[in-house]
Amino acid sequence: MSPVSQGAPPETPRDPASTAETEESLWWLASAPLAWVLHLLATYLTAANYCAKAAEDASLTGVRLAIAGYTAVALLALVLLARRGWRRHRAGESLGPHDFDTRADRHRFLGFTLFLLSGAAILGVAFAALPAVFMETCR
Amino acid sequence: MRNRALTIAPLLFAGCEGVQSALAPAGRDAERIANLFWAMVVGGGVVWLIVMAVAVYGARAKHEHSEKLAGRFILWGGVVFPTVTITALLIGGLALLPPTLDLGPDEPRLAVVGEQFWWRARYRQGDQWVEVANELHLPTGRRTAMTLESPDVIHAFWVPSLGGKVDTIPGRTNHIAYEPTRAGTYRGACTEYCGQAHALMAFHVVAEEPAAFETWLAHQAEPATEPTDAEATRGAALFLEHGCGACHAVRGTEAAGVIGPDLTHVGSRAHLGGVLPNDTASLVRFIREPEAIKPDVRMPAFTTLSDAETAAIAHYLEGLR
């Protein structure tokens, strides 16, 4: 994949080279929702698979510990993603709304979007994990 | 305009009362659910008022606000407040689950089976199981655990006044427990579409003092009473002659069918099929045109019976108290 900016008109000189975005950069936007999806799938599949085989009033302790582990990993990943997004959002002087057709503003826009998506995903992950706090058996 | 509002308001609130209302709780679990509902209504009302007030202010305000203030307002009012509120609601709702799912210390004494389009219920009475249909009795002040099953399609068991709702799923045994706090008769409904007569798959729950409940159950465990007059005797004979016993049981007689509702004490129920008043006219109608009462019902229409024969069978069944 070649950088999006290749062949494009020169950017304003004050844009640092590090803000150059490539086509791959878009994938960062999917990273936070993806972490959320993986966490949801992992918690759901673990609980469903375990309870389908276990007795109805079987203790969920093992599953709850597993969900706590998935949640810790997912939240850590999302906090790192949010930090990455925040840093890009704050690159340079601009405070938003990052809508100029420049290399730097694309950089900041993608960063801010990643930050917001990470925030939403952190909530989604926390909410998906909450039932495990209350449910003690497969019933 | 005001007069009209005054006329309509009581009608709206009338929907909150009655035998099938989650807003008129008569059971421990229904109370918890109603409390959550009212907390949400009041909380939602307050949020709505705030949003409306801000909208009116926003539309009328003439002067400009600093960007910093606007940014803070969006952050706290649009991000922090909804997040905290929804989290609190979720935690409050989830915290209801463990007590609602608690089956109490005893083994389930009541097995409920949802079938197209009626409810079979079996009570454990000592070593035996006593079968009844469409009318459950529950003791007040005690937690009664139930198993929920279905042999055909998915149904859902719900008595809004008493507690929560759980599906009956073929191949699975689900559980729920109700703990009536107020004596009375409450209406339950199938709340998962299950076929043409889904909306007519109603049943009733009589909540009564534990002593009255035990008396009722002991009576239901008895075999059917003998016909007391000539017409009832003729009805009993016709009932067997026309094969009713292939599907219905009348304990103490040759009728031992297990496909349809147990009719041993059908006359003791307040309703027929959960939807009709239990009287001669309803019994006659159910024998002659069950399809008109519950579309797609499995019971065939006994149109070949004469009026006199149908009346005799209805009279016999009415006497099975």
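Which residue in E10(B) does Gly184(B) stand opposite? In this predicted model, the residue facing Gly184(B) is Ala207(B). The two belong to a pair of strands within one of the sheets of chain B. Strand E9 covers residues 184-190 of chain B, and strand E10 covers residues 202-208. Six bridges join them, and they run antiparallel.

The sheet that holds this pair is open and has five strands. Their order is E4-E10-E9-E6-E7 in chain B. The pairing is mixed. Strand E4 (135-139) lies at one edge and strand E7 (165-168) at another, and each pairs on one side only. From one strand to the next, the twist averages 25°.

Chain B also holds an open sheet of five strands in the order E3-E2-E1-E5-E8. Its pairing, too, is mixed. Here the edge strands are E3 (128-133) and E8 (174-178) of chain B. Each of these pairs on one side only. The twist averages 25° from one strand to the next. Strand E2 spans residues 118-125 of chain B. Six bridges connect E2(B) with E3(B), and the two run antiparallel. Within this pairing, Arg122(B) has Glu131(B) in E3(B) as its bridge partner. Strands of a sheet pair through backbone hydrogen bonds, either parallel or antiparallel.

Helix H5 comprises residues 210-221 of chain B. H5(B) lies across E2 and E3 of chain B, running at about 100° to E2(B). H5(B) also lies across E4 and E10 of chain B. Its direction there is at about 140° to E4(B).

The interface between the chains was examined next. Eight residues of chain A are in contact with 13 residues of chain B. The area buried between the two chains is about 990 Å². Carbon and sulfur atoms give 78% of that area. On the side of chain A, Phe127(A), Phe134(A) and Arg139(A) lose the most area to chain B. Together, these three residues account for 55% of what that side buries. By class, the side of chain A that touches chain B has six nonpolar and two charged residues, and no polar ones.

Which count describes the salt bridges across the interface of chain A and chain B? The rule finds zero.

Methods. Residues numbered from 1 in each chain as written. Chains lettered and ligands numbered in written order. Predicted model: local features only at pLDDT ≥ 70, side-chain atom pairs only at ≥ 80, totals over all residues. Heavy atoms only, no water. Pairing = 2+ DSSP bridges. Helix = DSSP H or I, 4+ residues; strand = E, 2+ residues; numbered from the N terminus. Axes fitted to C-alpha atoms, helices over the stretch in contact; angles between N-to-C directions. Contact = heavy atoms within 4.5 Å. Buried area = accessible area lost by both parts, 1.4 Å probe. Salt bridge = Lys/Arg side-chain N within 4 Å of Asp/Glu carboxyl O. Nonpolar A, V, L, I, M, F, W, Y, C, P; charged D, E, K, R; others polar.
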